Amino acid sequence: MQHKATFITAPAGYGKSTLAGAWVQQTGLPVGWLSLDAGDNDISRFWHYAASAIDRVCQGFVQRVTPHLESLTPGSYEPFLVPFLNELNGMQGQLAFVLDDYHVIRDPNIHASLAFLLDYLPAHVHLYVTSREEVPFGKARQFSRGWAVQLDADDLRFDAQEAAELLRLQEGMGDCPQGQLELLVRRTEGWATGLKLAALSMGKTKPEPFMQDLSGDSSRIGQYLLEEVFESLEPSAQAFLTKCSILQRLCGPLCQAVSGDADSRTKLEQFARAGLFLIPLDAHKEWFRFHQLFADFLQRRWLEREPGEVREAYKAAASWCAEHGFKEDAVDYYLAGRHFSEAIGLLEQMKAIMVKREFSTLRHWLSLIPVAILWEHRYLYFSYILSLLWDNEPLLAESYLQSAEERFRASSGAWTQEERHRFLGNLYYLRNSKATQYDIDVVKGLEYIRLSLRYSPEGPDLLLAPPHMPLSPSIFRSYNGKRGKHLPREVADPFFRSMIEFLTPTGVHDTALVCYGELLYERNELEEAEEHFKLGLQENVHSRHQPEKVYLPAYLYLSRISRARGDRQGAEQWLEAAGKKAADNRAAGVLLFVEAEMAGLRLELGDASAAIKWKNKYALGAHDPVSIFQLFPYSFLVRVLMGEERYEEAWALSDRLLAMAVKGHRPMDALELQVLQALLGHKLGKTEMAVLTLEQALKYAEPDEYIRVFADRGKPVAELLMAYIRMRRKGHVRENEGPSLHFVQRVLSCFGETAPGTGKSADGFDRLERLLTKRELAIFRCMMEGMDNQAIADALTIGMGTLKTHVNHIYGKLQVKNRIEAIRRGKEMLE
């Protein structure tokens with residue numbers, strides 16, 4: 001346990017799993033054990049199983065990390081592993097975490113995520129990895145620094161004394177003569193499984209001739225010994241084990257369906273007791289799995305002799321699984337046996353419940369079906385493309401889209417009009433997904449979604465699953481957008497209305513309703529936003545999979561609408577409703593956000609006690625590692641630190657979060673953090689810096705008309721806005737780089753009586769701003785300060801000819817003939 005990790009690497013049959021199990025049992029430590037198979041090459045499934053394994057000895061662990069699981073996407077594992085590591089850090093006592101049979105994992109994303117985990121693994125957690133191959137994530141520096149230790153085949157070889165003890169444990173074996181024992185060890189090279197197989201074989205024959213036949217390398221010895229053991233069994237036992245060897249997991253009824261043997265459960269128990277490489281998977285010994293070495297031997301032998309029977313066995317296993325509710329296992333077996341029609345039929349049945357599966361799993365299934373067959377079922381072809389898009393494979397998805405367009409041009413003449421329209425509806429829906437998800441081009445996305453609606457008004461004909469996104473208090477903020485690439489209402493409104501119309505027939509439009517409601521709220525269009533949130537909640541009642549992803553933001557924003565209207569009681573009632581629904585649905589992850597919002601209401605009144613209690617309950621600190629999906633709780637932590645007057649810590653955290661929001665294309669979060677930094681600068685006495693920071697936020701917000709991000713922070717923002725207006729009037733801010741005063745006045749109007757009086761001066765300046773261009777206004781400010789033409793040209797880095805042209809335009813707009821009249825006219829407008 002003095003190392004972070006132990007890697008046990010050796011070929012099959014060297015006792016890697018047995019060694020790891022015996023070691024952790026000997027230490028008495030709680031152990032999270034995960035036995036892996038090829039189906040675990042899915043980053044979401046892998047870490048879900050990993051969390052569940054730890055949960056067996058650390059109750060509540062999986063519940064606490066589950067809200068973050070959907071942040072896992074190929075190439076993006078830190079957003080999940082940061083909270084995962086934080087939970088491990090908070091555990092009391094030591095923990096052993098075992099990954100058994102890691103050699104089956106081929107996914108580079110899983111390798112990379114484990115490398116990250118190992119770098120930050122807490123000292124009280126020890127990772128054990130068993131594998132037939134060198135693991136790809138073990139780094140040389142980890143061994144050189146003593147963080148990790150490796151055991152290989154040489155370390156696991158049995159010597160004569162250990163072999164004698166192993167043979168004595170075998171039923172029916174007496175003491176083996178020393179000479180024969182040493183010969184056995186030499187011939188098997190101390191290979192544990194070879195010794196065990198030899199013991200099983202020697203129980204059926206005399207030792208001397210057996211030893212003479214035992215020669216060759218370990219693979220040949222293994223094959224020889226497996227054949228010896230297998231041939232020694234009764235024919236009925238051979239047939240039973242052979243037919244069941246294709247099963248990933250074995251239980252009595254499933255084995256009966258595959259083998260036809262009514263006594264299957266009893267046989268499983270007998271073979272397990274006899275040491276025939278059956279490993280129990282539960283305490284009741286109802287489910288088992290074969291040792292992989294034995295399963296490989298049986299399958300290879302059967303495929304060589306009766307390949308047709310193997311296919312039928314897969315079909316029988318799939319039929320039993322489908323009948324007993326194991327639909328995902330059934331799809332696996334159908335595809336393994338190349339029963340594509342049956343697999344497609346089951347996928348068709350699973351359309352309604354596909355939202356329970358990861359897109360990466362769907363991608364794996366569909367990749368096993370030949371493209372020609374997928375094309376015959378075009379909804380599956382397009383579903384495969386959608387899974388590629390959600391699995392971060394836009395280039396591969398594009399190649400399939402182009403292929404589909406070529407096939408359409410070549411063969412659609414023979415299709416019915418309905419087939420052509422359904423094809424185009426799906427094609428343009430996927431084009432929309434790619435444009436908005438990867439190209440960040442909502443204008444193009446709007447064009448595609450309108451085309452999709454034209455051809456498929458009933459919605460997409462696809463296997464759908466939710467995107468890999470963690471629980472969030474905002475849907476709108478969760479979708480990427482390039483900062484500075486704006487979403488004006490003439491683009492945003494038609495896009496969202498089209499998306500709602502398009503998704504309504506599928507019954508999954510609640511997300512689009514709430515997302516659009518958030519945008520309306522940010523633009524301070526409260527009545528229309530309220531309508532969308534309430535309609536989203538109404539439609540969300542029918543959602544069977546993670547409804548909290550929609551009702552959480554809906555309730556939170558309804559609370560904010562009440563708060564914006566001055567109804568604090570109503571704001572609290574909406575939050576209480578969210579908490580009650582989360583309790584009813586056992587959605588514990590909701591509470592972190594609801595409690596933060598409730599504490600925020602108190603914080604605005606100057607009471608930081610609830611916010612500090614929230615911070616301590618969820619163990620959040622200013623120096624924690626933070627992922628992009630944790631921006632909300634840590635942005636609120638900035639406000640908590642401000643309430644505690646820990647301004648320097650708050651600034652450092654906000655700076656880190658702002659850089660993350662900008663890099664992660666989260667413009668709304670970046671805006672909120674800029675507003676918080678402006679308030680922090682004001683608290684630190686850096687008023688000019690605070691005002692300039694606020695100006696930058698206003699400049700980014702104006703094209704999209706985002707108002708509430710300022711208004712929701714209350715009177716301190718209003719005071720800064722007035723300070724900004726005063727600086728503009730005095731010429732301390734460059735006009736051509738700032739937002740319009742008209743937009744600033746719109747933000748100020750949200751404060752009502754709480755905002756300092758805006759007066760005639762601000763109104764007059766607003767009129768000047770509407771009258772002159774930004775360049776002309778900057779020149780006019782310089783004129784009012786008494787600067788001559790040369791000084792103005794130098795200050796604004798423009799030529800004298802350009803300056804004189806702008807000056808003449810100013811005279812014309814102010815209806816004056818010279819500089820003195822222009823200055824007098826300007827002062828009249830500002831009085």
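**Group meeting: helix packing in a predicted model**

Let me zoom out for a second. The protein has 831 residues, and 53% of them are buried. On the secondary structure side, we have 44 helices and 7 strands. And how about the contacts? If you take those with a separation of 6 or more, 69% are between residues 24 or more positions apart.

Now, two helix pairs I wanted to show you. First up, α18, residues 327-336, and α19, residues 340-349. Their axes are 8 Å apart, and the packing angle is about 155°. We call an angle over 145 degrees roughly antiparallel, and α18 and α19 are therefore roughly antiparallel to each other. The crossing of α18 past α19 is left-handed.

If you have the model open, click on the α18 side: Lys-327, Ala-330, Val-331, Tyr-334 and Leu-335. Across from them, α19 brings Phe-340, Glu-342, Ala-343, Leu-346, Leu-347 and Gln-349. Sorted by class, that contact between α18 and α19 comes to 8 nonpolar residues, 1 polar and 2 charged.

The other pair is α23, residues 394-411, with α24, residues 417-437. Here the angle is about 155°, and the axes are 11 Å apart. α23 and α24 are therefore roughly antiparallel to each other, and α23 passes α24 in a left-handed crossing.

Which residues of α23 and α24 make the contact? From α23, we get Pro-394, Glu-398, Leu-401, Gln-402, Ala-404, Glu-405 and Phe-408. From α24, they're Arg-420, Phe-423, Leu-424, Leu-427, Leu-430, Arg-431 and Lys-434. In terms of class, the α23 and α24 contact has 8 nonpolar residues, 1 polar and 5 charged.

To put the pairs side by side: the α18 and α19 contact has 2 charged residues, while the contact of α23 with α24 has 5. For the nonpolar part, it's 8 residues for α18 with α19 and 8 for α23 with α24.

That's what I had, thanks everyone.

Definitions and conventions:
Residues numbered from 1 in each chain as written. Predicted model: local features only at pLDDT ≥ 70, side-chain atom pairs only at ≥ 80, totals over all residues. Heavy atoms only, no water. Axes fitted to C-alpha atoms, helices over the stretch in contact; angles between N-to-C directions. Helix = DSSP H or I, 4+ residues; strand = E, 2+ residues; numbered from the N terminus. Parallel < 35°, antiparallel > 145°, perpendicular 65-115°, else oblique. Left-handed = near helix turned anticlockwise from the far one by under 90°. Contact = heavy atoms within 4.5 Å. Nonpolar A, V, L, I, M, F, W, Y, C, P; charged D, E, K, R; others polar. Buried < 20%, exposed > 50% of the residue type's maximum accessible area, 1.4 Å probe, protein only.
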